[in-house]
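Dear colleague,

Please find the structure below, handed over for your reference. A short account of the findings follows it.

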Amino acid sequence: MKAAQTTAPKARRYHVLVIDAHPRADSFCSGVVAAVANGASSASHEVRWLALRELTFDLSYKGQPLESSLVHTRQELLWAEHLIFVYPIWWGTMPALLKGWLDRVLLPGFAFEEREDGGWEGLLGGRSATLIATMDTPRWIFSAILHSCSIRALRDATLRFCGISTVRTLLFSPIRTSTPAQRQHWLAQAAQTGSQLDSILRTGWRARLRVWLQALRPQFYFFPWLALTAGAITASAERSAPWHWAPYLLCWAAAWLLEAVAVLTNEINDLPTDTLNQNSGPFTGGSRVLVQKILTTQQLQHARTAATAGIGAIFLLLLTLVPTVHSRDALIVMLAGLLLAVGYTAPPLKLAYRTCGEIDVALTHSILVILLGHISQGGALDSSRPWLLAAPAFLAILPAIILAGFPDLEADTAVGKQTLVARCGRRIAAGVAMACTLLALGLHAALFASPWWFFLLMLLHAGALVFSIATYLRQPHSGRINALLTLALSYMLWFVWSPWFHHD
């Protein structure tokens, strides 16, 4: 009988550009460059070297045309899939050679794109980087006192700004007092980094975590949790029953997975409009992981499949482990949530393209999550409490969803996405948003006798939102409206606190 064999995933071969940024050729950095490059070559990666000291160019940027050597390095950057920077840390930062090269090469239109509204877009997305730095400063001083200033400047303020994600950082220190054995160990570590580049890029969890957090857009998960908790409180109060943590946490996970399915589906199907969008921000224009080629459509599809499978597993757990949960009601809510999450942008429904997207999002973020929370504590769909709670919440969510279409208007119109603002124009859409703001407040006042101070705060927030929308209309413009969207999104929060005051 033959032993079972496991097939390791096929290693990927990368275009690797090793950038030697030390001003001298006889430095320890040169040995590091050779070690990491040879290590990458031994793993069959295609490796090119770039010694900045051998280039002829003016270090200071004066608006002059690029020298021929810099034109060549730009071509090398576009060829590369992974960049390895090797440089010394002098005076807590990078050498003037590296700084000058970055200043001259990473210019607008090549490395990033400036927008009229002050935003930016990285143009070198889909690439990754490794940073290897040498220094005489002890590492604990560099980290604790200097706050890793050189690494942060290159990794965050430069590479990430241009769309390049850093997957590994190596610091070799102190160089001046190091022994030959220590230096050999560092060279071996550099060679290993090059030879294991494929596995590093596959398993560099910090960089991958940042990428997936960007893709999943965690800023949209807070409100569903509050709405679900409000629904759970209504059921617990209605049944005068103790709080059940297991089904609550399971339904909370299901609500977040539904949100993930919606976000990933939108990212896949909204790629044409996101590509054209010049006003993307934290709340609009997608996460940019596809536009910047950080992730692939296939990766997002796999993640969506996993999230959908997770929802199914949660339903089975509720069915088998929690007898207090109405399984039929839970199934109805979860299936409805999946339908609306996928149907928002995916065919055949494509509700966001038929001027129904605002209703879709308002439903999923009000009644569906409130009902899911209600069910988690043994409540049923025929109870009036969650529906009464959801009615003003539904109206309160609509202004934020409507306004979110304003920065996307030009891009959505170009691809035929008929949001409310694309179909009716900014003035009518803004009028609907203001009307929903006031209707939500009035309906809440009619249904719930909240403390006077609470209602006063709601009234002030509603007034500020209506005033801000009216002010925007007086000077209509294309561009991001992050402050206005933040005001609209935070308005939603007032409408899920009512159960805390009415739990008898």
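Helix 19 covers residues 452-474, 23 residues in total, where helices are DSSP runs of H or I with at least four residues, numbered from the N terminus. From its first C-alpha to its last, helix 19 reaches 33 Å, close to the 33 Å expected at 1.5 Å a residue; the expected span is 1.5 Å times one less than the number of residues. Among the buried residues of helix 19 are Phe454, Met458, His461 and Leu465 (buried means under 20% relative accessible area, with a 1.4 Å probe and protein chains only).

Please note that this is a predicted model, in which local features need pLDDT of at least 70 and side-chain atom pairs count only at pLDDT 80 or more, while totals for chains, interfaces and linings use all residues. Residues are numbered from 1 along each chain as its sequence is written, and side-chain values use heavy atoms, with hydrogens and water left out.

As for the whole protein, 52% of its 504 residues count as buried. The C-alpha atoms fill a box of roughly 80 × 70 × 45 Å along the principal axes.

How many disulfides does a search of the whole structure find? The search finds 0, a disulfide being a pair of cysteine sulfur atoms within 2.5 Å. Cys162 is in no disulfide either, as the nearest cysteine sulfur, that of Cys149, lies 20 Å away. Cys29 is buried, at 1% relative accessible area, and Cys162 is buried at 4%.

With kind regards

Note on methods
Buried means under 20% relative accessible area, exposed over 50%, partly exposed in between (1.4 Å probe, protein chains only). Helices (H or I, at least four residues) and strands (E, at least two) are DSSP runs, numbered from the N terminus.
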